[in-house]
Amino acid sequence: MKKFCLDLTVVSVSKINDRYVLIKLTHNEELPQMEPGQFVEVRVDGSPTTFLRRPISINFVDRKNNQLWLLVATVGDGTHKMAQLKEGEILNCVLPLGKSFTMPQQQEKYLLVGGGVGTAPMLYLGEQLKKMGCAPTFLLGARSQKDLLELDYFEPLGRLFVTTEDGTAGEKGFVTNHSILQNETFDRICVCGPTPMMKAVAQYARQKNIECEVSLENMMACGVGACLCCVEKTTEGNLCVCTDGPVFNIKQLLWQS
C-alpha cells in the first residue's frame with residue numbers, strides 16, 4: 001500500500017479525561033485508503049525533547065467528513081504537545097503504516113478486545129466489520145469507569161461489554177474474567193492493549209482453538225523498518241513490528257501458551 005507524508009489540518013482536539021485526547025484531522029484532498037490496525041507516524045513540532053516521530057494507531061476514518069481520528073494518551077512531552085494543538089494548526093503524518101487485521105472472507109463471529117489506549121484500533125475495525133455485514137462484539141477493559149474510552153462511538157456498531165478492575169462499570173475484573181468468554185464462542189478474536197492482557201487473551205484463544213490476532217505496541221521510531229528498535233522474536237525469526245505488524249497472528253509469536 002502506498003505511503004504518504006501529509007500536512008493534516010486539526011479539526012478539533014477533545015479532552016476525554018485527564019489522560020486521553022481525541023484529535024480529528026482533515027486534508028484538502030481525499031484522505032488515502034487506510035485499513036483497520038494500521039498506524040501513522042506523527043511529527044511533533046515545538047517540543048525540544050521530541051526528536052522522533054510518534055506512532056499513533058488509526059482510531060477511525062470518517063469518510064463522510066474526510067477526517068482521520070487519533071486517540072492519544074498523553075504520557076510524555078511529545079504527546080502532551082499534541083494535546084495542546086488548536087483548530088487550524090498542522091500535524092504532519094506519514095500514513096498508512098503497518099499491516100492490518102484480517103478481514104472476513106465469509107460470515108464470522110468476531111470478538112474485539114481492547115484495553116486502555118488499545119481500544120483505539122477497535123473502533124475502525126468494528127465499523128469496517130459492520131459495513132461488511134459482520135457485526136462484532138466488543139469487550140473493553142479499564143481500571144475504572146473514568147478510564148473507559150469512546151463508549152458512545154462503540155455502542156452503535158455491535159454488542160458492547162466492559163470490565164473494570166474496581167467494578168465501577170461492567171463486570172469487575174480483567175477482560176479475561178468476563179462471563180461472555182464462558183458463555184459464548186467466537187470464530188476470531190482481535191486484541192490490542194497492555195501486553196499481559198493480550199497474552200492472557202491469547203492463552204484463552206489457544207485453549208478454545210480460536211483464531212486470534214494481536215496488535216503489538218513495541219516502541220517504533222521510524223515506522224519503516226530502518227531503526228530496528230521494534231523487533232519482535234517470532235517463529236519466522238526477528239521481525240519488525242512496524243512493517244511486518246503491528247498485527248500478528250498469535251501463532252507467529254513466541255508467547256507461552
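This report describes the overall build, the strand pairing and the nonpolar cores of a predicted protein model.

Residues are numbered from 1 along each chain as its sequence is written, and side-chain values use heavy atoms, with hydrogens and water left out. Because the model is predicted, local features need pLDDT of at least 70 and side-chain atom pairs count only at pLDDT 80 or more, while totals for chains, interfaces and linings use all residues.

**Overall build**

The protein contains six helices and 16 strands, where helices (H or I, at least four residues) and strands (E, at least two) are DSSP runs numbered from the N terminus. Its radius of gyration, taken over C-alpha atoms, is 18 Å, close to the 18 Å that the globule rule (2.2 Å times the number of residues to the power 0.38) gives for 257 residues, so the protein is as compact as a globular protein of that length. Along the principal axes, the C-alpha trace spans about 50 × 40 × 35 Å. Buried residues (under 20% relative accessible area, with a 1.4 Å probe and protein chains only) make up 52% of the 257 residues.

**The seven-stranded sheet**

An open sheet of mixed pairing is formed by seven strands in the order β11-β10-β9-β8-β12-β13-β16, two strands being paired if DSSP finds at least two bridges between them. At its edges stand β11 (171-172) and β16 (247-249), each with a single partner strand, so one side of each is left without a neighbour in the sheet. Helix α2 (residues 120-131) packs on this sheet and touches β8, β9 and β12 (188-192), with its direction at about 165° to that of β8; such angles run from 0 to 180 degrees between N-to-C directions, along lines fitted to C-alpha atoms, for helices over the stretch in contact.

**Strand pairs**

| Pair | Sense | Bridges |
|---|---|---|
| β8 (residues 110-115) and β9 (residues 137-142) | parallel | five |
| β1 (residues 4-15) and β7 (residues 90-97) | antiparallel | six |
| β1 and β2 (residues 20-26) | antiparallel | six |

On β1, T9 stands opposite I90 in β7 and V13 stands opposite I23 in β2, and β1 and β2 form a hairpin with four residues between them.

**Nonpolar cores**

A nonpolar core is a set of buried Ala, Val, Leu, Ile, Met, Phe, Trp, Tyr and Cys residues joined through side-chain atoms within 4.5 Å. The largest has 45 residues, and those with the most contacts inside it are L25, V40, L68, L70 and M82. Apart from this core lies another, of 32 residues, among them L97, I189, C240 and F248. Leaving aside neighbours within four places in sequence, L70 is in contact (heavy atoms within 4.5 Å) with residues including V21, I23, V40, I56 and L91.

Notes: Buried < 20%, exposed > 50% of the residue type's maximum accessible area, 1.4 Å probe, protein only.
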